[in-house]
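Here is a short report on charged side chains and helix packing. Please keep the structure open as you read.

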Amino acid sequence: MPIAEETYKSVFEAIDAQQDEFVAILKEAVAIQSVSSEAGRRAECVKMSHWAKELEALGALVELVDAGKQKLHDGSELDLPPIIFGMLGNDPQKKTLLIYGHLDVQPAAKEAMFVLQQQGINIPVNLKGDLLLFCRSYLCKTRFAFWLFWRKCVSPKHEAMNDLIWILSKLSSSDGTILIPGLNDLVKPLTSEEMKVYSTIDFDMNDYQKDIAAYGLVKPTKEEILMNRWRYPSLSIHGIEGGFSSSGAKTVIPAKVIGKFSIRIVPNMTPEVVDKLVIDYLNSLWDKRGSPNLFKPSPCHGGKPWVADYQDSNFQAGCRAMKRVFGVEPDFTREGGSIPVTLTFQELTGNSVMLLPIGACDDMAHSQNEKLNRSNYIQTINLCSVGMHIYIDKPDSLQAEPVLISAHSLLPRENYELVLSGTFVSRAVYTSDSTGVIDVTCSAPIRGTYSGVRPMGLFESLRPCENFRHGGYCKCTPPDPFHYDLMLFNSKGQEIDRTPLIKRWLHPLVSRIEIEENGICGTLFKPPGNGPFPTIIDISGTGGGINEQKGATLASDGFCVLCLAFFQYKTLPKNLKDVDLDYFKKSIDWLISLSYTANVIGFQGVSFGALIANMLAVRYPEIILMNEMSDYDPNTYIISIRAVISINGPHAINKYTPLKEHGVQLPAAE
């Protein structure tokens with residue numbers, strides 16, 4: 001059910017009052033030495049599974065599921081610790097939330113649910129939990145692939161250790177670049193939109209260097225450091241078996257050595273292709289080495305890369321929950337880890353997966369001194385109590401792009417109001433269905449700024465806010481996006497959820513180029529690629545200046561658009577009476593001379609610009625670029641005006657809107 005703001009406050013206060021209890025439970029859990037990677041502690045891992053069965057005290061149905069056998073490196077087998085599967089709630093009218101965790105990382109956070117029950121709050125979803133004793137990890141969005149590498153010495157003149165060290169030294173450069181041919185070509189290309197995400201992340205290179213006690217960093221800029229750490233593959237050497245590793249000055253020469261290294265793979269890499277590239281490269285190095293020793297590279301295990309869509313509604317809901325609890329906007333990161341089941345969950349359920357890390361950057365994950373801050377532990381319990389109701393399939397989209405909106409986990413058959421607010425505002429009151437869901441795509445509001453079933457009704461019925469100046473015009477030069485908040489209110493007028501929403505005029509891959517050339521002024525929007533693109537000239541009215549929103553929208557659909565100014569802009573005339581039609585002819589000639597424009601032109605004009613568009617189409621139905629070459633092909637150089645869009649334009653020149661042609665004032669109607 002929806003949770004009001006004061007309820008959140010009371011729950012957070014109750015959790016804070018029980019901090020010592022939560023810490024005591026965590027202390028009890030971490031005292032169990034459930035080190036899953038050590039065969040000698042397997043009994044402790046089983047003990048941890050039985051400890052987690054205490055979820056039954058909350059009324060949950062708990063089952064211990066046999067996980068089978070684990071085959072060790074020496075060929076022996078051990079029983080795997082049982083998997084804990086629990087379910088709290090079985091209401092068919094509620095959605096089901098699957099929570100997955102590792103028991104050797106942290107105990108089951110059952111107390112957060114207990115606090116909700118103490119406060120008399122109905123948990124709005126059914127909870128299912130899978131708890132495994134497996135490898136540790138923090139937030140992961142990429143997968144690791146591991147390779148095993150070994151060789152055996154058969155000649156006293158060629159030492160195995162020397163061969164191994166030489167091979168390992170050829171895997172990467174001093175700045176971390178992987179030297180395996182073809183590997184970096186597999187990586188998904190970087191987009192300008194993704195690059196912007198790295199630029200906005202709160203990250204200080206000097207602090208980072210101090211935190212990791214490094215003498216220097218491998219990349220010179222913040223963006224490169226983050227991308228090197230998150231989005232590009234990395235190679236790490238993990239150890240050598242067979243050599244002498246204890247203290248002292250022993251001169252052991254091993255007859256057999258095994259080197260181990262891993263490569264973190266990222267989209268669009270696959271373990272199969274990476275395996276082949278690595279093995280081929282290792283064998284080519286061995287051929288160059290010319291050693292008589294035996295050499296056998298082999299892959300150990302691997303997993304597919306996984307990166308979630310941070311604009312997905314689940315991530316946006318998680319972002320709002322994090323902001324509510326921690327008070328800051330969270331950064332979206334791409335930390336590497338080793339939980340292949342993440343991708344499995346996503347593929348099996350067909351739903352998105354959201355990973356919320358609770359560890360701090362100085363927690364020293366996987367080290368002997370690994371820690372967890374008490375404040376993060378308690379705040380994570382708070383996080384589990386935050387409700388999420390609004391669903392938006394595209395929280396960041398183009399203006400003309402449809403957006404699906406719905407609200408979930410509501411009281412059945414109750415009235416709720418959706419309010420879309422920014423520079424403009426719209427609203428609609430809906431009644432939830434029998435399952436507590438509002439689906440804007442197929443439901444009609446009972447009242448609001450629009451009526452009937454209109455999936456985009458909240459956008460189509462937007463009107464200026466109260467503080468918007470009456471008669472003001474929202475100019476979009478440059479075409480900045482519109483930022484909204486979509487809010488959900490219950491029948492008492494209490495806000496129960498809120499999510500940001502962005503509508504953009506301009507696709508991020510479209511180039512915006514300001515033009516001031518040979519007396520021509522305007523803005524050119526060019527789609528990505530070499531063209532040729534269908535071409536449009538967009539002209540505004542007697543307000544002067546330039547308006548780019550229509551041009552940006554058309555360019556986002558694949559048109560090359562020149563938003564052409566003709567007075568009251570930069571070096572252009574200040575008065576309308578000084579505007580000459582020859583200026584537009586010159587602009588046409590310039591536009592069609594570009595290599596990526598097509599031999600088809602359309603004109604779009606608003607108000608007085610609509611009149612100009614009509615006059616140009618009448619005067620220049622076919623504009624021919626003369627070519628002095630003897631092989632002149634008219635089919636190549638004829639530019640036709642094929643379409644004119646006249647928006648709210650006059651039919652003739654009048655004395656209030658004078659216009660020249662060839663320097664002479666054109667006749668005007670009285």
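Helices are DSSP runs of H or I with at least four residues, numbered from the N terminus. Asp207 is found in one of them, helix H7. The model is a predicted one.

Asp207 is partly exposed, with a relative accessible area of 43%.

**Helix H8 and its neighbours**

Helix H7 also takes part in packing. It spans residues 205-211, and the buried residues of H8 pack against it. They also pack against helix H6 (192-200) and strand E9 (256-265). H8 itself covers residues 222-230. Which of its residues are buried? The list holds Ile225, Leu226, Met227 and Trp230, together with the charged pair Lys222 and Glu223. Buried here means under 20% relative accessible area. In general, an α-helix has 3.6 residues a turn, so residues three or four places apart point the same way.

**Salt bridges**

How many salt bridges does a search of the whole structure find? The total is 20. A pair counts when a side-chain nitrogen of Lys or Arg lies within 4 Å of a carboxyl oxygen of Asp or Glu.

| Pair | N to O distance | Relative accessibility |
|---|---|---|
| Glu460 and Arg454 | 3.1 Å | Arg454: 29% |
| Lys570 and Glu514 | 3.5 Å | Lys570: 37%; Glu514: 47% |
| Asp578 and Lys577 | 3.5 Å | Asp578: 33%; Lys577: 44% |

Take the salt bridge between Lys570 and Glu514. Lys570 sits in the loop between strand E24 (560-564) and helix H15 (581-592), while Glu514 is in strand E21 (residues 511-517), so the pair ties together parts that are 56 residues apart in sequence. Lys570 is partly exposed. Glu514 counts as partly exposed too.

This pair belongs to a network of salt bridges that links Lys570 and Glu514 with Arg512, Glu516 and Glu548.

Lys577 is partly exposed at 44%. Arg454, the partner of Glu460, counts as partly exposed at 29%.

How values were computed. Residues are numbered from 1 along each chain as its sequence is written. This is a predicted model: local features need pLDDT of at least 70, side-chain atom pairs count only at pLDDT 80 or more; totals for chains, interfaces and linings use all residues. Side-chain values use heavy atoms; hydrogens and water are left out. Buried means under 20% relative accessible area, exposed over 50%, partly exposed in between (1.4 Å probe, protein chains only). Helices (H or I, at least four residues) and strands (E, at least two) are DSSP runs, numbered from the N terminus. Contact means heavy atoms within 4.5 Å.
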